[in-house]
Amino acid sequence: MTRTSLSREEVLETAGALVRQHGPAALTMRKLAAELGTAVTSIYWHVGNRESLLDALVERTVRELGEIRPHGRTPAARIVSVATALRRELRERPHLIAMVHERGLTERMFLPAQQALVHEVHRAGLRGAAAARVVRAVQFQVVGHVLVERYRERAPAQHPGEDELWHTAPAEHDPALARALARPPDPERLFAASVRALVDGLLAQPR
């Protein structure tokens, strides 16, 4: 049964879900209409053609990443919260982020998160180049971590793997280290520890 009412926001929400799950190649106007239970002509009426729809999804993604808000009792905790939220947003929508990048809007997408970081770095007492260094370092840490996570998830099975390599590799007489490196990493804990150490170290630099 064809729907009699539909909003532009519903179209974008459903289209975004399709892209998140299957990538932009899977997004056709016919498939989107089927998902929404409406006619293809209705999709065109709300969002235009497919390129216009992709452009709207890109703008929506940029806007959603602009909604990151810091929380915490100290500037350091609030900076870490921005980094954590940014990582989560990038992890949840890799295909949409790739579309943003392909359209040359990556810097604009990151600007709101950078502005939130600037505010917290200023609250911590840093200004000028020292403050800029914190903002850039946190951004690079987040993006680099996400890229490594994506690489490890999508890489083929490794032979030999870390467990085999560290079973026999020299670890400078530190068997506990070898056992730890032989186990799969916990990305959540590793990110939290590394970004906190980075922020604490950068905020401790001379004013």
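This is a predicted model: local features need pLDDT of at least 70, side-chain atom pairs count only at pLDDT 80 or more; totals for chains, interfaces and linings use all residues.
Figure 1. Glu172 occupies the loop between α9 and α10. The phi of Glu172 is near 55°, which is likewise a positive value in a residue other than glycine. With a relative accessibility of 75%, Glu172 counts as exposed.

**Figure 2. Arg183 in the loop between α10 and α11.** Helix α10 covers residues 175–182 and helix α11 residues 187–203, with Arg183 in the loop between them. A relative accessible area of 51% makes Arg183 exposed, since the class begins over 50%. From Arg183 to Trp166 the sequence separation is 17 residues, and the C-alpha atoms lie 9.2 Å apart in space.

**Figure 3. The cis peptide bond at Pro160.** The bond joining His159 to Pro160 is cis, and its omega is near 0°. Pro160 belongs to the loop between α8 and α9, the latter spanning residues 162–168.

Figure 4. Helix α8 runs over residues 128–154 and has 27 residues.

**Figure 5. His122 in helix α7.** His122 is located in helix α7. It counts as partly exposed because its relative accessibility is 32%, which falls between the limits of 20% and 50%. When neighbours within four places in sequence are set aside, His122 contacts Arg127 and Ala131. Gln21, by contrast, is 101 residues from His122 in sequence, with a C-alpha to C-alpha distance of 39 Å.

**Figure 6. His101 and its polar contact with Thr106.** His101 sits in helix α6 and is exposed, with a relative accessibility of 55%. The side chains of His101 and Thr106 are joined by a polar contact of 2.9 Å. Gln141 lies 40 residues from His101 along the chain, and the C-alpha atoms of the two are separated by 18 Å.

Figure 7. The 16 residues of helix α4 (residues 50–65) reach 23 Å from the first C-alpha to the last, close to the expected 22 Å at 1.5 Å a residue. Buried positions in α4 are Leu53, Leu54, Ala56, Leu57, Val58, Arg60, Thr61, Val62, Glu64 and Leu65. These buried residues pack against α1 (8–22), α2, α3, α5, α6 (94–102) and α7.

**Figure 8. Thr38 and the annotated segments.** Thr38 is placed in the loop between α2 (29–36) and α3 (40–47). Its relative accessibility of 14% means that it counts as buried, the limit being under 20%. A polar contact of 3.5 Å connects the side chains of Thr38 and Ser42. An unreviewed UniProt entry places a "DNA-binding region" at residues 28–47. That segment is 80% helix and 0% strand, and its end C-alpha atoms are 13 Å apart. UniProt also carries the annotation "domain: HTH tetR-type" for residues 5–65, again in an unreviewed entry. Over residues 5–65 the chain is 77% helix and 0% strand, with end C-alpha atoms 29 Å apart.

**Figure 9. Arg87 over the ring of Phe191.** The charged end of Arg87 is positioned over the ring of Phe191, at 5.1 Å from the ring centre. The count of aromatic pairs is zero.

Terms used:
Residues are numbered from 1 along each chain as its sequence is written. Side-chain values use heavy atoms; hydrogens and water are left out. Helices (H or I, at least four residues) and strands (E, at least two) are DSSP runs, numbered from the N terminus. Buried means under 20% relative accessible area, exposed over 50%, partly exposed in between (1.4 Å probe, protein chains only). UniProt positions are given in the numbering used here, feature names are shortened, and annotations may be inferred rather than shown by experiment. A polar contact is a pair of N or O atoms within 3.5 Å; within protein, one must be able to donate a hydrogen and the other to accept it, and residues adjacent in sequence count only if both atoms are side-chain atoms. Rings of Phe, Tyr and Trp (its six-membered ring) pair if their centres lie within 6.5 Å; planes under 30 degrees apart count as stacked, over 60 as edge-to-face and the rest as tilted. A charge sits over a ring if NZ of Lys or CZ of Arg is within 6 Å of the ring centre and within 35 degrees of the ring normal. The expected span of a helix is 1.5 Å times one less than its number of residues. Contact means heavy atoms within 4.5 Å.
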